[in-house]
Amino acid sequence: MEIRPIKISDADNYHEFQIQIHAQTNYLLFSQREAEKRPVEFYQKTIGQMESDNLGNIIVALDGDKVVGSIWLGEYLVSKRSKQTNFGLGVFKEYHRQGVAQQLFDQAEQWIKEKGFARVEITVFSENIPAYNFYMKNGFEQEGLKRKSVYMNNKFYDEIMLSKLY
Ligand SMILES: CC(C)(COP(=O)(O)OP(=O)(O)OC[C@H]1O[C@@H](n2cnc3c(N)ncnc32)[C@H](O)[C@@H]1OP(=O)(O)O)[C@@H](O)C(=O)NCCC(=O)NCCS
């Protein structure tokens with residue numbers, strides 16, 4: 001397994017990863033249909049901008065050329081939030097419980113420290129025990145509950161607000 005920052009040449013494989021991961025889990029914010037609507041050009045442009053503007057980061061886990069996991073870190077453009085980052089994380093089902101998310105997060109943390117962020121934040125669906133455990137293991141703390149913040153399959157769900165300070 002190779003863990004490294006994404007390159008423009010990964011755009012096709014990353015596009016495929018995004019479609020498949022959203023088909024595998026309901027715990028990401030986009031629905032499967034919304035993920036499918038994003039064309040490969042969207043990822044080409046995003047990766048290109050990340051490289052040219054040095055803003056944000058996508059770290060991928062690769063099995064050969066195939067993207068099997070990723071952590072996507074965002075940055076705020078407003079100066080008052082410039083010392084914090086947020087992210088999205090996902091790993092293909094068949095690679096779960098093999099330490100892939102851990103390796104992705106370890107590399108993300110190196111970047112977080114290099115960039116001098118003071119805070120990283122994430123919200124996790126309250127039913128998502130694997131992710132909640134993952135963040136607890138990695139030193140996140142609970143800050144609050146966003147009640148009824150997700151509407152999916154005619155039901156409401158809460159999200160737990162978590163953060164880690166540096
Ligand atoms: C959450 C997710 C990224 C974990 O990926 P992973 O590669 O399987 O995680 P790792 O193998 O690195 O696991 C590290 C730790 O996470 C926790 N964890 C992971 N899967 C778990 C599970 N099924 N049950 C309980 N804890 C789990 C454990 O603390 C584990 O440490 P341990 O193996 O020493 O017990 C993965 O389940 C996933 O992609 N889920 C779908 C998308 C998602 O929920 N993303 C997060 C949205 S906030």
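The model is predicted, so local features need pLDDT of at least 70 and side-chain atom pairs count only at pLDDT 80 or more, while totals for chains, interfaces and linings use all residues. Residue numbers start from 1 along each chain, as its sequence is written. The protein has 5 helices and 7 strands, where helices (H or I, at least four residues) and strands (E, at least two) are DSSP runs numbered from the N terminus.

**Overall fold**
- From the N terminus on, the order of elements is β-α-α-α-β-β-β-α-β-α-β-β.
- The radius of gyration is 16 Å, close to the 15 Å of the globule rule for 166 residues, so the protein is as compact as a globular protein of that length. The radius is taken over C-alpha atoms, and the rule is 2.2 Å times the number of residues to the power 0.38.
- The C-alpha trace spans about 40 × 35 × 30 Å along its principal axes.
- Buried residues are 23% of the 166; buried means 20 or more other C-beta atoms within 10 Å of a residue's own, exposed 12 or fewer, and partly exposed in between, with C-beta atoms placed from the backbone.

**Strand pairing**
- Strand 3 (residues 66-75) pairs with strand 4 in the antiparallel sense over 7 bridges; pairing requires at least two DSSP bridges between two strands.
- Leu73 has Phe87 in strand 4 as its bridge partner.
- Strands 4 and 5 run parallel and are joined by 3 bridges. Thr85 has Val120 in strand 5 as its bridge partner.
- From strand 4 the chain passes through helix 4 to strand 5 in a right-handed β-α-β crossover, that is, the path from the first strand over the helix to the second runs clockwise with the strands pointing away from the viewer.

**Ligand shell**
- The ligand is surrounded by 22 residues, the closest being Tyr27, Ala101, Gln102, Pro130 and Phe134; a residue is near if its C-beta atom, placed from the backbone, lies within 6 Å.
- Strand 4 (84-91), helix 4 (100-115), strand 5 (119-125) and helix 5 (129-137) each give two or more residues to this shell.
- Helix 5 gives the most, with 6 residues.

**Positive phi**
- Most residues other than glycine have a negative phi.
- Lys148 has a phi near 50°. Lys148 is in strand 6 (residues 141-152) and is exposed, with 11 other C-beta atoms within 10 Å.
- Asn153 also has a phi near 50°. Asn153 sits in the loop between strand 6 and strand 7 (155-165) and counts as exposed, with 7 C-beta neighbours inside 10 Å.
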